[in-house]
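Subject: Structure handover

Hello,

Here is the structure I promised to pass on. Please have it open while you read the notes below.

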Amino acid sequence: MTYKAWTEGGNLQSVRHDYTDGLNGAVSVPAKVSGATWSTQEDGGHTPRLKVVPTGKGVAHCLLMEGKDRVLDQKKGAAGQPVTCSAQR
């Protein structure tokens, strides 16, 4: 599963994603972010989730995608507001 976060008019302040970590089960971790884009590939498990917070008045976007073309959730936030993507699989 692909997790993607990006902003328009600002940078990423924080990104937190939930995924399955082998024997540890579901975990929620903050990502190391720098600049306006971030992405990773993880096992999303049954309830993948991604929360994106922009800097200043930036507009945050999030995307959860399975495989190359199956979008599970995609959202665009309001200026300066966090946005969360989630899915049930």
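The notes go through the strands, then the disulfide, then a few residues and the salt bridges.

One caution before the rest: this is a predicted model.

Four strands form it, in the order 4-1-6-7. The pairing is antiparallel. Strand 4 (37-41) and strand 7 (70-76) stand at the edges. Each has a single partner strand, so one side of each is left without a neighbour in the sheet. On average, neighbouring strands here are turned by 10° against each other, direction ignored.

Strand 1 covers residues 2-8. Five bridges join strand 1 to strand 4, and the two run antiparallel. For a landmark in this pair, find Thr 2, which stands opposite Gln 41 in strand 4.

Now move to strand 2, residues 12-20. Strand 2 pairs with strand 3 (residues 26-30) through five bridges. They run antiparallel. Thr 20 faces Ala 26 of strand 3 across this pairing. The hairpin of strand 2 and strand 3 has five residues between the strands. In that hairpin, Gly 22 takes a positive phi near 45°.

Strand 2 also pairs with strand 5 (residues 49-54). Six bridges join these two, again antiparallel. Val 15 has Val 52 in strand 5 as its bridge partner.

Strand 5 in turn pairs with strand 8, residues 83-86. The sense is antiparallel, over four bridges. Here Lys 51 has Thr 84 in strand 8 as its bridge partner.

**The disulfide**

How many disulfides does a search of the whole structure find? It finds one. The disulfide joins Cys 62 to Cys 85, with an S to S distance of 2.0 Å. The link of Cys 62 and Cys 85 is right-handed, with 85° about the S-S bond. This pair links distant parts of the chain. Cys 62 sits in strand 6 (residues 59-66) and Cys 85 in strand 8, 23 residues apart. Both Cys 62 and Cys 85 are buried.

**Asp 73**

Asp 73 is worth a look next. Asp 73 lies in strand 7. Is it buried or exposed? Asp 73 has a relative accessible area of 13%, so it counts as buried, since the cut-off for buried is under 20%.

Leaving aside neighbours within four places in sequence, Asp 73 is in contact with Cys 62, Leu 63, Leu 64, Thr 84, Cys 85 and Ser 86. A polar atom of the Asp 73 side chain lies 2.9 Å from the backbone nitrogen of Ser 86.

Asp 73 also forms a salt bridge with Lys 75 through their side chains (3.0 Å, N to O). Lys 75 is partly exposed, at 37% relative accessibility.

**Other salt bridges**

The structure holds four salt bridges. One of them pairs Asp 43 with Arg 89, with the closest N and O atoms 3.9 Å apart. This pair also links distant parts of the chain. Asp 43 is in the loop between strand 4 and strand 5, and Arg 89 is in the segment after strand 8, 46 residues apart. Asp 43 is partly exposed at 44% relative accessibility. Arg 89 is partly exposed at 38%.

In another, the side chains of Arg 70 and Glu 66 meet at 2.3 Å, N to O. Arg 70 is partly exposed, with a relative accessible area of 48%. Glu 66 is partly exposed too, at 23%.

**The start of the chain**

Last, Met 1. Met 1 is found in the segment before strand 1. At 15% relative accessibility, Met 1 counts as buried. What does it touch, beyond residues up to four places away in sequence? Its contacts are Thr 40, Gln 41, Glu 42, Gly 44, Pro 48, Met 65, Leu 72 and Arg 89. Met 1 and Pro 48 are 47 residues apart in sequence. In space they are 8.8 Å apart, C-alpha to C-alpha.

Over to you.

Best wishes

Methods
Residues are numbered from 1 along each chain as its sequence is written. This is a predicted model: local features need pLDDT of at least 70, side-chain atom pairs count only at pLDDT 80 or more; totals for chains, interfaces and linings use all residues. Side-chain values use heavy atoms; hydrogens and water are left out. Two strands pair if DSSP finds at least two bridges between them. Axes are lines fitted to C-alpha atoms, for helices over the stretch in contact, and angles run from 0 to 180 degrees between N-to-C directions. Buried means under 20% relative accessible area, exposed over 50%, partly exposed in between (1.4 Å probe, protein chains only). Contact means heavy atoms within 4.5 Å. A disulfide is a pair of cysteine sulfur atoms within 2.5 Å. A polar contact is a pair of N or O atoms within 3.5 Å; within protein, one must be able to donate a hydrogen and the other to accept it, and residues adjacent in sequence count only if both atoms are side-chain atoms.
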